[in-house]
Amino acid sequence: MTNTQESLSRIIEMAWEDRTPFEAIEIQYGLNEQGVIKLMRQHLKPSSFKLWRKRVSGRKTKHLKLRSPDVNRGYCPTQYKQR
């Protein structure tokens with residue numbers, strides 16, 4: 001993994017996104033779930049890390065094997081505004 005500021009920022013963004021599974025982060029950046037947790041702990045404030053852990057713990061969309069087959073894309077269709 002290249003530890004540039006841009007890739008670090010993108011990993012953190014992907015980790016916060018509800019529909020981006022940990023497997024996608026691993027494919028793109030080589031960090032498994034435990035690696036993402038470690039990175040988030042190092043780079044977020046303690047209160048932000050706790051909020052993130054609470055948010056992703058048990059979230060089925062963050063794991064491909066637990067994810068419903070109805071969730072077939074990385075974002076909600078209303079997430080981005082149409083131009």
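Trainee: Hi! Which hand does the crossing of α1 and α2 have?

Mentor: The crossing of α1 and α2 is right-handed. Right-handed means that the near helix is turned clockwise from the far one by less than a right angle, and left-handed means anticlockwise. Keep in mind that this is a predicted model, where local features need pLDDT of at least 70, side-chain atom pairs count only at pLDDT 80 or more, and totals for chains, interfaces and linings use all residues. Residues are numbered from 1 along each chain as its sequence is written, and side-chain values use heavy atoms, with hydrogens and water left out.

Trainee: Okay, and at what angle do α1 and α2 pack?

Mentor: They pack at about 165 degrees, and their axes are 10 Å apart. Axes here are lines fitted to C-alpha atoms, for helices over the stretch in contact, and angles run from 0 to 180 degrees between N-to-C directions. That angle makes α1 roughly antiparallel to α2, a label used for angles over 145 degrees.

Trainee: Which residues make the contact?

Mentor: From α1 there are S7, R10, I11, M14 and A15, and from α2 there are A24, I25, Q28 and Y29. Contact means heavy atoms within 4.5 Å. The residues of this contact divide into 6 nonpolar, 2 polar and 1 charged. Ala, Val, Leu, Ile, Met, Phe, Trp, Tyr, Cys and Pro count as nonpolar, Asp, Glu, Lys and Arg as charged, and the others, Gly among them, as polar.

Trainee: Stepping back, how many helices and strands are there?

Mentor: The protein has 4 helices and 0 strands. Both are DSSP runs numbered from the N terminus: helices are H or I with at least four residues, strands are E with at least two.

Trainee: How do α3 and α4 cross?

Mentor: They cross at roughly 150 degrees, and their axes come within 8 Å. That makes α3 roughly antiparallel to α4. V36, I37, M40 and R41 of α3 meet F49, W52 and R53 of α4.

Trainee: New topic: how many residues does the largest nonpolar core have?

Mentor: It has 17 residues, and those with the most contacts inside it are I25, V36, L39, M40 and W52. Such a core is a set of buried Ala, Val, Leu, Ile, Met, Phe, Trp, Tyr and Cys residues joined through side-chain atoms within 4.5 Å, where buried means under 20% relative accessible area with a 1.4 Å probe, protein chains only. The largest share of this core, 5 residues, comes from α1.

Trainee: And what does V36 touch?

Mentor: Leaving aside neighbours within four places in sequence, V36 is in contact with A15, F22, I25, L31 and W52.

Methods
Buried means under 20% relative accessible area, exposed over 50%, partly exposed in between (1.4 Å probe, protein chains only). Angles under 35 degrees count as roughly parallel, over 145 as roughly antiparallel, 65 to 115 as roughly perpendicular and the rest as oblique.
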